[in-house]
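Good morning, and thank you for making time for this presentation.

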Amino acid sequence: KLEAMRKELESKLSNIIKENSEKLEAMRLTVDEKLSDTLEKRLGDSFRLVSERLEQVHKGLGEMQTLASGVGDLKKVLTNVKTRGIWGEIQLGNILEQILTPDQYYSNIPTKKNSMERVEFAIRLPGKGGEGEEVLLPIDAKFPQEDFHRLVEASEKGDTKAMEEASKQFENSIKTEAKRISEKYINPPVTTDFAIMFLPIESLYAEVVKRPGLMEHIQERYRINIAGPSTMAAFLNSLSMGFKTLAIEKRSSQVWNLLGTVKTEFMKFGNILDKTNKKLQEASKTIEEATKKTRIIEAKLRDVEALPLAESAVSLDDYETVEVDEE
């Protein structure tokens, strides 16, 4: 019996061990499958996220390359003296176009006879000039970029000696440009006895302004006023208001004549109103009389049935007279 029991126990243990092994294997396969799916999903998400970030970085690098190319093109444009001058002229022309009307200024016009030099813009001011009833105000755009950049670079590096040298070169460049404008374009009485030098960048204009005595020296010696984009706009706005005031003064006699005509016509209109008022009063009086007569007729008609035949033959006029006298 013991031997039989031992064999039965061994058989059951073997079955249990076998079943446990099969279940453990199934569990291992399930865990491995789930771990593999989770790992693949997370790795896929991570790689997709990294790929998106790399794509954005690549796109940003492309934009940076495009921007760098644009900056390079702009640098080439600003390095070329002729192109830089055209750019300043275009900016000045845009400011003039926004504030003044096209017939208030000229572009690329000579200010001296038998001269090939043409000023970029000239504002037409009222007055007796050389051959007409206007005086020209010359405006020329200048852009001394190289000297200004040397000054800025020396200032950023903190090199005192280089700053002093660049500052002298910058001031000399501004003075030279002012002298050229004065000699080329100022020609009284055809033009005003001064001209304007336009600097297309505010920082460049600010650098000139903060130089002690530089603007005063240029104004006194060369009769040149310096303006930046904002100051040029303010100056042109003041000129525009002056043009409007002059236009009003020129047409003041016409305005007075027009007001005189309006006054005469208004007096005539007042007389017509008086006559109309009288007619209306007469019409109102007639209407009142008609209304009274209507009431008398209505009263007579109400009493017709109550009166004998002989009394009903009384004239309405007699009845009206009686009613009026009683009233």
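Predicted model: local features only at pLDDT ≥ 70, side-chain atom pairs only at ≥ 80, totals over all residues.

**Strand pairing**

L125 stands opposite V135 in β3. Residues are numbered from 1 along each chain as its sequence is written, and side-chain values use heavy atoms, with hydrogens and water left out.

Strand β2 (residues 118-126) and strand β3 (residues 134-141) are antiparallel, with six bridges between them. Strands here are DSSP runs of E of at least two residues, and helices are runs of H or I of at least four, numbered from the N terminus; two strands pair if DSSP finds at least two bridges between them. Strand β1 (residues 105-110) also runs antiparallel to β2, joined by five bridges. Within that pairing, Y105 has I123 of β2 as its bridge partner.

**Aromatic pair**

Rings of Phe, Tyr and Trp (its six-membered ring) pair if their centres lie within 6.5 Å; planes under 30 degrees apart are stacked, over 60 edge-to-face, and the rest tilted. The count is two aromatic pairs. For F148 and F170, the ring centres are 6.2 Å apart and the planes meet at 45°, so this pair is tilted. It links distant parts of the chain, 22 residues apart: F148 belongs to helix α3 (residues 145-157) and F170 to helix α4 (residues 160-185). Both F148 and F170 are buried, meaning under 20% relative accessible area, with exposed over 50% and partly exposed in between (1.4 Å probe, protein chains only).

**Helix α5**

In helix α5 (residues 202-209), the buried residues are L204, Y205, E207 and V208. Viewed down the axis of α5, they fall within an arc of 155°, so they line one face of the helix; the arc is that of the directions from the helix axis to the C-beta atoms.
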